[in-house]
Amino acid sequence: MLSRLFAPKVKVSAHCDLPCGVYDPAQARIEAESVKAIQEKYQANEDPHYRARATVIKEERAELAKHHVSVLWSDYFKPPHFEKYPNLHQLVNDTLKALSAAKGSTDPATGQKALDHIAQIDKIFWETKNG
């Protein structure tokens with residue numbers, strides 16, 4: 001009886017968690033750009049306290065970038081996108097792995113690799129938005 005009392009009266013569904021237009025790979029790119037910039041600043045500074053702070057911030061930014069890529073994958077991209085771009089699942093996986101590598105590294109090359117992958121996702125994203 002209680003379950004019927006508290007059950008929703010209207011059932012709704014949507015293909016995304018908010019009306020379309022809220023997704024953009026730029027969020028992931030901005031965080032990944034921060035990761036690479038921090039890696040470069042880390043390399044240019046020998047102060048251990050600075051490096052410790054830089055490492056914490058870099059790891060937070062990389063995790064945020066991973067979150068934004070994951071949201072695109074799980075909430076924005078739909079079966080028709082994966083059919084049109086059969087490499088999209090692998091690209092997202094490679095991007096997440098690249099961001100994990102950048103999170104654990106102070107080498108700016110790892111940050112650049114993540115940015116390169118995000119650029120590929122960005123290209124596909126805008127093709128799906130504009131197409």
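## Overall picture

Among contacts in the chain with a separation of 6 or more, 72% link residues 24 or more positions apart, where contact means heavy atoms within 4.5 Å. This is a predicted model, in which local features need pLDDT of at least 70 and side-chain atom pairs count only at pLDDT 80 or more, while totals for chains, interfaces and linings use all residues. Residues are numbered from 1 along each chain as its sequence is written, and side-chain values use heavy atoms, with hydrogens and water left out.

Helices (H or I, at least four residues) and strands (E, at least two) are DSSP runs, numbered from the N terminus.

## Surface and burial

The chain has 131 residues, and 35% of them count as buried. Buried means under 20% relative accessible area, exposed means over 50%, and partly exposed lies in between (1.4 Å probe, protein chains only).

The accessible surface of the chain is about 8300 Å², and carbon and sulfur atoms hold 58% of this area. Accessible areas come from the Shrake-Rupley method with a 1.4 Å probe; for residues, only the protein chains shown count as cover.

## Helices α2 and α3

Helix α2 covers residues 26-43 and helix α3 covers residues 48-76; their axes come within 8 Å and cross at roughly 160°. Axes are lines fitted to C-alpha atoms, for helices over the stretch in contact, and angles run from 0 to 180 degrees between N-to-C directions. The pair α2 and α3 is therefore roughly antiparallel; angles over 145 degrees count as such, under 35 as roughly parallel, 65 to 115 as roughly perpendicular and the rest as oblique.

The residues of α2 that meet α3 include Ala28, Val35, Ile38 and Tyr42, and those on the α3 side include Tyr50, Ala54, Leu64 and Val69. By class, this contact of α2 with α3 has twelve nonpolar, six polar and five charged residues. Ala, Val, Leu, Ile, Met, Phe, Trp, Tyr, Cys and Pro count as nonpolar, Asp, Glu, Lys and Arg as charged, and the others, Gly among them, as polar.

## Two residues

Thr95 lies in helix α5, residues 88-103, and is buried, with a relative accessible area of 0%. Apart from neighbours within four places in sequence, Thr95 is in contact with Val69, His117, Ile118 and Ile121.

Lys84 belongs to helix α4, residues 79-84, and counts as exposed at 59% relative accessibility.
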